[in-house]
Amino acid sequence: MTQTVQPNSLVTLHYRIALENGQPLISTFEGTPATLQLGCGDLLPSLERVLEGLEVGTRQLFTLAPEQAFGPYNPELVEHVKREHMPADQEIEPMTIMEFGAPDGTRYSGLVREIDDVRAIVDFNHPLAGKTIRFEVDIIGVL
């Protein structure tokens, strides 16, 4: 067992992601720690990079700018969708997350910002895009 996080390590840790003001979004500190395989998409690559080099027993808080975390907010990812292209059998309200299919079969989630009988405004940005986050970790084990 190695004691330092490497790019492809299996890491057991507690972590917390919070907004810059400290408002928690997700945390394992109150429950079971997470075990994540780095390099496999279990964690955002930019978050994996800040873990590299940390030793077992390290507890650290990182403040990450949008470019280091979930990326900048991109207004081009806000689209107007005709209501006729949305499910007719569903009650859709503002602030609803919906899944949309692309012609190639890829699925995308979008947040319905506004909707009326004619169209909806759908935001395909990650909900944390454009936000500075706090990422706190406590490294428990590394394989």
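Modeller: Before we start, contact here means heavy atoms within 4.5 Å. This is a predicted model, so local features need pLDDT of at least 70, side-chain atom pairs count only at pLDDT 80 or more, and totals for chains, interfaces and linings use all residues. Residues are numbered from 1 along each chain as its sequence is written, and side-chain values use heavy atoms, with hydrogens and water left out.

Colleague: Fine. What does Phe-62 touch, leaving out residues up to four places away in sequence?

Modeller: With those set aside, Phe-62 touches Val-50, Leu-54, Ile-133, Arg-134, Phe-135 and Val-137.

Colleague: And why does Phe-62 count as buried?

Modeller: Buried means under 20% relative accessible area, exposed over 50%, partly exposed in between (1.4 Å probe, protein chains only). Phe-62 comes out at 14% relative accessibility, so Phe-62 counts as buried.

Colleague: Where does Phe-62 sit?

Modeller: In strand 4, residues 59-64. Strands (E, at least two residues) and helices (H or I, at least four) are DSSP runs, numbered from the N terminus. As for Ile-17, 45 residues away along the chain, its C-alpha atom is 9.7 Å from that of Phe-62.

Colleague: Which strand gives the most to the lining of the largest pocket?

Modeller: Strand 7 (residues 107-115), with 4 residues. A pocket is an open set of points on a 1 Å grid over the protein atoms alone, where a 1.4 Å probe fits, with protein on both sides within 12 Å along at least five of seven lines; lining residues have an atom within 4 Å of a point. Here 14 residues line the largest pocket, and Leu-111, Arg-113, Asn-125, His-126 and Pro-127 lie nearest its centre.
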